[in-house]
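Let's walk through this model together, helix by helix. Have the sequence and the structure open as you read.

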Amino acid sequence: MSHEANDIMADTIRDGVADIWMLPNRPDLEDDCVEYIYNYYLDSEQGVSSGDIPTMVIEFLSKLCSDAISSQDIEYMEKK
C-alpha cells in the first residue's frame, strides 16, 4: 500500500474512533485504539470501512477489559 493510501487510512481510522470515543480523559487509550485498528487493517490488506470502526473499538476495549475485576470478584474476595 502506498504511503498516501496509508495516510488516508490512518486519517479515516482516527476520525472514526474520535467520533465515538467516550473516554475524554484517556487520549492515550484512544491513540492505542487507533493503532490497534490501523495494524489490523495493515495485516488484513483490506480497505478500511468506517462502518467497521465501532466494532473494532469494542473489540479493542473488550480485550483491555478481559482481566478487569468485577463487583462479584470484589465481593468474593471480601468473603475470603
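A crossing is called left-handed if the near helix is turned anticlockwise from the far one by less than a right angle, and right-handed if clockwise. By that convention, α2 and α3 cross in a right-handed way; helices here are DSSP runs of H or I with at least four residues, numbered from the N terminus.

Before going further, a word on what you are looking at. This is a predicted model, in which local features need pLDDT of at least 70, side-chain atom pairs count only at pLDDT 80 or more, and totals for chains, interfaces and linings use all residues. Residues are numbered from 1 along each chain as its sequence is written, and side-chain values use heavy atoms, with hydrogens and water left out. The average pLDDT (the predictor's confidence in each residue, from 0 to 100) is 90 for the protein, and 99% of the residues score at least 70. Confidence is highest in α3, at 94, and lowest in helix α4 (residues 71–79), at a mean of 88.

Back to α2 and α3: they pack at an angle of about 115°, and their axes are 10 Å apart. Axes are lines fitted to C-alpha atoms, for helices over the stretch in contact, and angles run from 0 to 180 degrees between N-to-C directions. On the α2 side, Leu29, Asp32, Cys33, Tyr36, Ile37 and Tyr40 meet Ile53, Met56, Val57, Glu59, Phe60, Lys63 and Leu64 of α3, where contact means heavy atoms within 4.5 Å. This contact has 10 nonpolar, no polar and 3 charged residues (Ala, Val, Leu, Ile, Met, Phe, Trp, Tyr, Cys and Pro count as nonpolar, Asp, Glu, Lys and Arg as charged, and the others, Gly among them, as polar).

Now bring in helix α1 (residues 3–20), which packs against helix α2 (residues 27–44) at about 135°, with axes 9 Å apart. That angle makes α1 oblique to α2; under 35 degrees counts as roughly parallel, over 145 as roughly antiparallel, 65 to 115 as roughly perpendicular and the rest as oblique. The crossing of α1 and α2 is right-handed. Among the residues making the contact are Met9 and Ile13 of α1 and Val34 and Tyr41 of α2.

How does α1 sit against α3 (residues 53–65), and at what angle? The two pack at about 70°, with their axes 9 Å apart, so α1 is roughly perpendicular to α3. Here Thr12, Ile13, Gly16, Val17 and Ile20 in α1 meet Ile53, Pro54 and Val57 in α3.
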